[in-house]
Amino acid sequence: MNLKLKIWRQKSQNAKGAFETYQVNANEHMSFLEMLDVLNEQLIEEKKEPVAFDHDCREGICGACSMVINGRPHGPNKATTTCQLHMRFFKEGDEIVIEPFRARAFPVIKDLVVDRSAFDRIIQAGGYISVNTGQAQDGNAIPVNRDCASKSFDAAACIGCGACVAACPNGSAMLFTAAKVSHLGLLPQGKLEHTSRVRNMVKQMDEEGFGFCSNVGACEAECPKEISLENIARMNRAMIGAVLTSE
Amino acid sequence: MKWLFDFLFKSSIGRKVVMSLSGIFLMLFLIVHLLGNLQLFINDAGMQFNLYTYFMTHNPVIKTISYILYATILLHTIQGIFLAIENRKAKGQSYAVSSNVNKSFFAKYMIHLGVVIFIFLMIHMYQFWLQMKLGNLPMVNYPGKEHAYKDLYAPVLQVFKDLPFVIFYVISMLILAMHLYHGFQSAFQSLGLNHKKYNPLIQWIGILYSILIPFGFLIMPIYVYFIQR
Ligand code: HEM
Ligand code: SF4
Ligand code: FES
């Protein structure tokens, strides 16, 4: 299938970027990233700079493959990362516009690659539990409520891809942060530090320059792991509770 | 109390709590305001309405609440404007192709809707509130009452018979309906109240509220203009 691609090209963080148009011949069994690989081979043969884009696992679990395809993070399909999007969802002759994720806290480094280290710093601020490692414990030593376990597991599905921030008109990281807070806070091991974790992670989130949550719901709609807005409510509750009750 | 100030005016979540609580207070006020105004429909040449406005402007408890109300409107407006400005900065560059995938359509336009509501409020206060406080309203006497009452009923009828104003009033109420349609349920989410047990209740009351309250207000100028001429 022949496609016309309009791709954002930008040499470096401070350079001015612009769209460039390319023609590529892909087949419908390729993933979107494989289609970009074909384009890049073509560009290398023409002695041109290949398009820089993030990718790693290519199986929908690492969250690296950030890009906005025709206005939607990870493209048109629900609950799908770019690497899991296949070309059969496009038609012969389609024009596809590919842009980097946009948010102040995610500056473009090159072409489609953005710096998402703000997420790492939010995790560093509290996305862990402090226990001494050592001999692995018996799996059944700590009883876990089944409801909490499954809610925690749903939140733990977050792959830190940043699509929520990219989709949000306010560039807010509430869904990501709330997923992490819920994932840990719902389990007995994570409960101990729940209060300080919420405060520290929210504080870091604010310092990174993400926007506020207007309850638009674009994040939930675009999240490849279908993380629910319920998690944001849980974090709001926890934060209000933390402010009112902490010493 | 620095911790409280920091939370309510510096933390992202706290600033939304302010929007939510002030919004809920304003929504409660709208119910009371509407119920009071319904007395315009009583066919007594405005007596009940004028006695009511006298009570509302002289009772010390109501007067205190009204000062809290003015402060709340300012707080909600100023905080709302700051949030909108910072949100725009946080987004940075926008997309060449935009999509409209979301859960709540009006959420993105809360600031635009809000600014129109604020302009409406200013005109509204000038027309009715300022007249009541400072204006030279005619006085009326009612049988069995010791003193005369300001006749606010007359200027209300007068502006409600002015077509451009009636149209402006009706449009403002439709804008308010949109603000409330998102705002009602959003206020609960901001406070962390989201649970599948009661979400349908919040949703349905929100829809009913955001339709009935603005409709109740906009029916008054329409009634006066078309029926009570
Ligand atoms: C009677 C008048 C008003 C009522 C009842 C009202 C009610 C509400 C409610 C319930 C919310 C939801 C709060 C939340 O998401 O937690 C809200 C949000 C908002 N209001 Fe109002 N409002 C009124 C007037 C105004 C005015 C005059 C402005 C002026 C700018 C305004 C600007 C906003 C903004 C920007 C938001 C969204 C904040 C965000 O989610 O980022 N509102 N309003
Ligand atoms: S919440 Fe969803 S969209 Fe956001 S980072 Fe996690 S997986 Fe990606
Ligand atoms: S490359 Fe790992 S999720 Fe797409």
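User: In this predicted model, which residue is the bridge partner of Lys6(A) in β5(A)?

Analyst: In this predicted model, strand β1 (residues 2–9) of chain A runs antiparallel to strand β2 (residues 18–25) of chain A, joined by 8 bridges. In β2(A), Lys6(A) stands opposite Thr21(A). β1(A) also pairs with strand β5 (residues 95–99) of chain A, in the parallel sense and over 4 bridges. There, the bridge partner of Lys6(A) is Val97(A).

User: Which protein atoms are donors to the iron atom of ligand 1, and what is the geometry of the site?

Analyst: The protein donors are NE2 of His76(B) and NE2 of His179(B), lying 2.0 to 2.1 Å from the iron atom. The site has 6 donor atoms, with angles of 88 to 179° among them. An octahedral site requires opposite donors over 155 degrees apart and all others between 65 and 115. The site of the iron atom of ligand 1 is octahedral.

User: How many residues apart in sequence are the parts that His76(B) and His179(B) tie together?

Analyst: His76(B) is buried at a relative accessible area of 17%, and His179(B) is buried at 14%. His76(B) belongs to helix α4 (residues 60–91) of chain B, while His179(B) belongs to helix α7 (residues 163–190) of chain B. The pair therefore ties together parts whose separation in sequence is 103 residues.

User: Residues from which chains surround ligand 1?

Analyst: Of the 21 residues around ligand 1, those that come nearest are Lys16(B), His76(B), His179(B), Ser186(B) and Ser190(B). In chain B, α2 (12–37), α4, α5 (110–133) and α7 each supply at least two residues of the shell. An N or O atom in the side chain of Ser214(A) is 2.8 Å from an oxygen atom of ligand 1. The site is shared between chains, because the residues surrounding ligand 1 come from chains A and B.

User: At what distance from an oxygen atom of ligand 1 does a polar side-chain atom of Ser190(B) lie?

Analyst: The shell around ligand 1 divides into 9 nonpolar, 11 polar and 1 charged residues. A polar side-chain atom of Lys16(B) lies 2.7 Å from an oxygen atom of the ligand. For Ser190(B), the corresponding distance to an oxygen atom of ligand 1 is 2.6 Å.

User: How many charged residues does the shell around ligand 2 have?

Analyst: Ligand 2 is surrounded by 13 residues, of which Cys158(A), Cys161(A), Gly162(A), Cys164(A) and Cys223(A) are the closest. The elements giving two or more residues to this shell are α4 (163–167) and α5 (174–185) of chain A. By class, the shell has 11 nonpolar and 2 polar residues, and the number of charged ones is none.

Terms used: Residues are numbered from 1 along each chain as its sequence is written. Chains are lettered from A and ligands numbered from 1 in the order in which they are written. This is a predicted model: local features need pLDDT of at least 70, side-chain atom pairs count only at pLDDT 80 or more; totals for chains, interfaces and linings use all residues. Side-chain values use heavy atoms; hydrogens and water are left out. Two strands pair if DSSP finds at least two bridges between them. A residue is near a molecule or strand if one of its heavy atoms lies within 4 Å of it. Ala, Val, Leu, Ile, Met, Phe, Trp, Tyr, Cys and Pro count as nonpolar, Asp, Glu, Lys and Arg as charged, and the others, Gly among them, as polar. Donors are N, O and S atoms within 2.8 Å of the metal (3.2 Å for Na, K and Ca); water is not among the atoms, so sites may look incomplete. Four donors count as tetrahedral if all angles lie between 85 and 135 degrees; four count as square planar and six as octahedral if opposite donors are over 155 degrees apart and all others between 65 and 115; anything else is irregular. Buried means under 20% relative accessible area, exposed over 50%, partly exposed in between (1.4 Å probe, protein chains only). A polar contact is a pair of N or O atoms within 3.5 Å; within protein, one must be able to donate a hydrogen and the other to accept it, and residues adjacent in sequence count only if both atoms are side-chain atoms.
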